[in-house]
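This report covers a pocket, a cavity and the packing of selected helices. The sequence and structure come first.

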Amino acid sequence: LLKKVEFWLYIVVLFCATFFFFYRDQVDTVTHSIFFWHSILHGNLTGGYQAYIDTIFSDIPHGVDTPGIYEPLAYIIVGILSMPLVILNELGKLNFASRWMSLYVKVQQLLLFFGCVYMIYKIQNEIEKNMKKAEYAAFLFLSNLGALYFAVIIGQIEIYAVFFCLCGIYYWIKDDYKKFIFFFSISIPLKMFSLLIFVPLILIKQKNVWKVAGSVILGCVFLIIGKVIWSGNDAYGILTAEPKERVILALQSNTLPGGVGTDGIPIFICLYILICVFVYLSQRKGALWGIYISFVVYATLFLFVGQYPYWIVVITPFVPFLIANNTMDKKINLILEMLFWVFYILASCFYHTWIAGYSIVERMMLPKLFGFNMNIKYHSVSDFLNTYGIGKLAPVFVGVYAAALIALVILNYPGERVFSKAAGISESMLNKLRILSIVPFMIL
């Protein structure tokens, strides 16, 4: 699939993305999962959240910067995947501040990243029994700038949710309804965004209202069980209340004038309901239709809801399917996808400066290799670019990535093709550009 030069370019880029950069939050999530399992193993099922609060006021060298804000199942699953660290902690051998722990977390993220690649290959092979097309879809995810940046360089819990979400979609396509619901019931407590596509996927194949309601409840069963068990835990309530409220407010934040109250009509909520009604009334049921609707839901979310940039990982698996199955518009799709990611990351550098700052390199190999220290001139990419006045263009960057995303939605609607074929650049050159598009951000 890849030429030799492209293959080695990718290996170098992936190695640098994995071992030169590191974002602290995922180590904190793994640390919370270790606290969680420590409490469970010592007979205190609901003590995981309190353990974090206790360590704040102790001399334990835990090195945790962020509170435990996720649902209980999230920490249980992360703890299972981090069981070697859980065991080392129980033996009193774990150094939370060690670079080896950071490295373990990075490798764990990388394994989940490749797990997603494998599931994309399997899903595409179910959409169409064509090995070359399945390999191409997998390559498109491997070389996806957003996946490399936000799942490998930054690395957050979203990639866990994406993996289980893809497992659910795979069984949805195979009409194995029980496994479809099971895997989404794991993905939803990890990141509630999975619920947003779970409902339309049910509505595509199920038209009985009561069965739809029952399926949604089953998909949320682990989330509900966790809330029931931990409902009386004060620490759980304290640590998770503010993030939940923040997400609810974000979903309602961008509005149109009007409505009964003074706050206006929430754009995303209105459009999401319309999408659900549309797929429920529609008779289309194909695998690619479900993929496209999932992409549209997430595109709507990231166009009209304020967000943390690492949330965008949830949309990364869907574009490869659209490009791989729309061969007539492949080149323009590749260009639009690159435009979307380049300008999304550029905009994020100004609105969320921490995604491209000194802090994401200080714990990994670069300081050891080059002797970096905190006495540096620029502490983030935005500091550097603002010296040239580029920060004034941040709203323009938002406009470009939004236009590219909308164009992808329009261009890839499954149905009769209405646009002329784009040409003028070779596919091999586009592959190289995809692989190398992350390099300027690494250098900065």
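## Pocket, cavity and helix packing

The largest pocket has a volume of about 790 Å³. This is a predicted model, in which local features need pLDDT of at least 70 and side-chain atom pairs count only at pLDDT 80 or more, while totals for chains, interfaces and linings use all residues. Residues are numbered from 1 along each chain as its sequence is written, and side-chain values use heavy atoms, with hydrogens and water left out.

A pocket is an open set of points on a 1 Å grid over the protein atoms alone, with protein on both sides within 12 Å along at least five of seven lines; a cavity is a set where a 1.4 Å probe fits but cannot get out, and lining residues have an atom within 4 Å of a point. Of the 30 residues lining the largest pocket, Y70, K191, P243, K244 and V247 lie nearest its centre. Helices α2, α10, α11 and α14 (234-253) each supply at least two lining residues, and the largest share, seven residues, comes from α14.

Two cavities of 30 Å³ or more are found in a search of the whole structure. The largest cavity is lined by residues including A161, C165, K191, F193, Y298 and F318. Elements giving two or more residues to this lining are α9 and α11.

Helix α11 (residues 193-205) is largely enclosed by the rest of the structure, because 12 of its 13 residues are buried (under 20% relative accessible area, 1.4 Å probe, protein chains only). Among the buried residues are F193, L196, P200 and I204. Their cover includes α9 (158-173), α10 (177-190), α12 (209-219), α15 (267-281), α16 (287-304) and α17 (318-325).

The axes of α2 (residues 25-41) and α4 (residues 72-81) come within 8 Å and cross at roughly 95 degrees. That makes α2 roughly perpendicular to α4 (65 to 115 degrees). In contact (heavy atoms within 4.5 Å), the α2 residues T29, V30, H32, S33, F36, W37 and I40 meet P72, Y75, I76, V78, G79 and I80 of α4. This contact has nine nonpolar, four polar and no charged residues.

Also in α2 is S39, which is buried at a relative accessible area of 9%. Not counting residues up to four places away in sequence, S39 touches N44, L45, G47, G48 and A51.

Note on methods
Axes are lines fitted to C-alpha atoms, for helices over the stretch in contact, and angles run from 0 to 180 degrees between N-to-C directions. Helices (H or I, at least four residues) and strands (E, at least two) are DSSP runs, numbered from the N terminus. Angles under 35 degrees count as roughly parallel, over 145 as roughly antiparallel, 65 to 115 as roughly perpendicular and the rest as oblique. Ala, Val, Leu, Ile, Met, Phe, Trp, Tyr, Cys and Pro count as nonpolar, Asp, Glu, Lys and Arg as charged, and the others, Gly among them, as polar. Buried means under 20% relative accessible area, exposed over 50%, partly exposed in between (1.4 Å probe, protein chains only). Grid points are joined across faces, edges and corners, and a volume is the space filled by probe spheres set on the points.
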